[in-house]
Amino acid sequence: MKKDWYYGHPSQVSGVEEHRLTGGKGDGMRLLQVRNGLGLEFTVSADRCADLARLSFKGDNYGYFSPCGYVAPQYYDEKGEGFLKSFTAGFLTTCGLTAAGNACQDAGEDVPLHGKIGNTPAERVSYLEEEEQITLWARVSEAAIFTHKLVLDRTLRCSKTENKLVLTDKVTNVGGAASPSMMLYHFNMGYPLLCERSELYIPSTKVLPRNERAAEGLERWAEILPPQPVFEEQCYYHQFNKAGTAAIYNPELGKGLAMTFDAEALPYFVQWKMLGAKDYVMGLEPGNCLPDGRDAMRREGTLAFLEPGEEKVFEITLEIIDGPEQWAARKG
């Protein structure tokens, strides 16, 4: 018996559906809702860098959605920390392409918090559903006259045979001069995946606190508290060898998520611990930079550049953890 004989339309089981928001600051935004038929569901925000606005598994939410909600690109304020006014967060906000981290002035340029790409609409958005995989493509450009000219080509490959999602980004310098290249993948874990009973697994070789506030809790970097009325964020910088990995699991749900990445292409990993009331989020953030600002990276000699015509590829694999056996296997 053929499997497709059981349903009238493929969307009964899996697929991609396109939607537009109406009303509020998100009015008109293009969203692509993806289901793999095994319980994994996510939303691609085409007007926000083809980022992942939402991700859930068998009905349970995995990401953090900030108080500002959906905000269309026309409301983006690039001055200073204006980024926060439209920081939906969601499951993934991409920071880059020429800047990530603190707002600063670098090489005569006013650099906004976390760069502009996360508030830039994608071009050439397309998708294809095949028997064993759903693939989405998008291009996002950060290019202008008299300045940097970088292009991001993003591919999202979602398996229909296992709960796995692979994000592959190719960043190309299409200009005639060398350009700073900064990428920080701001993955944001939220309730109910994240709560005080959740377990965090980051098998790094070294952990460094970002500042004195983080140093206060260095020995408890993996501890997850319930929401606090007042909580000052703590950031920890993890170092890996060739293979980077991080995972989180909620034993009450019996669900979790693991990410893996090439720690040579993405040599920095930031754990953003923000456990405030209503601002309850754990950032798991691989990148080719730290969030201390482009000026700081330049001073330290660690700022990455792309030469004219040069391209770099970054890939991150996300895998759903379903049950205690998978969690135990993940931790080895």
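Analyst: What follows covers the aromatic pairs, then the charges over rings.

This is a predicted model, where local features need pLDDT of at least 70, side-chain atom pairs count only at pLDDT 80 or more, and totals for chains, interfaces and linings use all residues. Residues are numbered from 1 along each chain as its sequence is written, and side-chain values use heavy atoms, with hydrogens and water left out.

A pair of aromatic rings is described by the distance of the centres and the angle of the planes. Here, rings of Phe, Tyr and Trp (its six-membered ring) pair if their centres lie within 6.5 Å. Planes under 30 degrees apart count as stacked, over 60 as edge-to-face, and the rest as tilted. By this rule there are 8 aromatic pairs.

Take Tyr201 and Trp327. Their ring centres are 6.4 Å apart and their planes stand at 85°, so the pair is edge-to-face.

Tyr201 has 22% relative accessibility, so it counts as partly exposed. Trp327 has 4%, so it counts as buried.

Now the second pair. Phe261 and Phe269 are stacked, with 5.7 Å from centre to centre and 5° between the planes. Phe261 is buried because its relative accessible area is 7%. Phe269 is buried too, because its value is 1%.

Which residues do ring pairs link into a cluster? Tyr249 joins Tyr201 and Trp327 there.

Charges also sit over rings. The rule asks that NZ of Lys or CZ of Arg be within 6 Å of the ring centre and within 35 degrees of the ring normal. Arg54 places its charged end over the ring of Phe65, 3.8 Å from the ring centre. Arg213 lies over the face of Phe231, and here the distance to the ring centre is 5.0 Å.

To recap: Tyr201 and Trp327 form an edge-to-face pair, and Phe261 and Phe269 form a stacked one.

Definitions and conventions:
Buried < 20%, exposed > 50% of the residue type's maximum accessible area, 1.4 Å probe, protein only.
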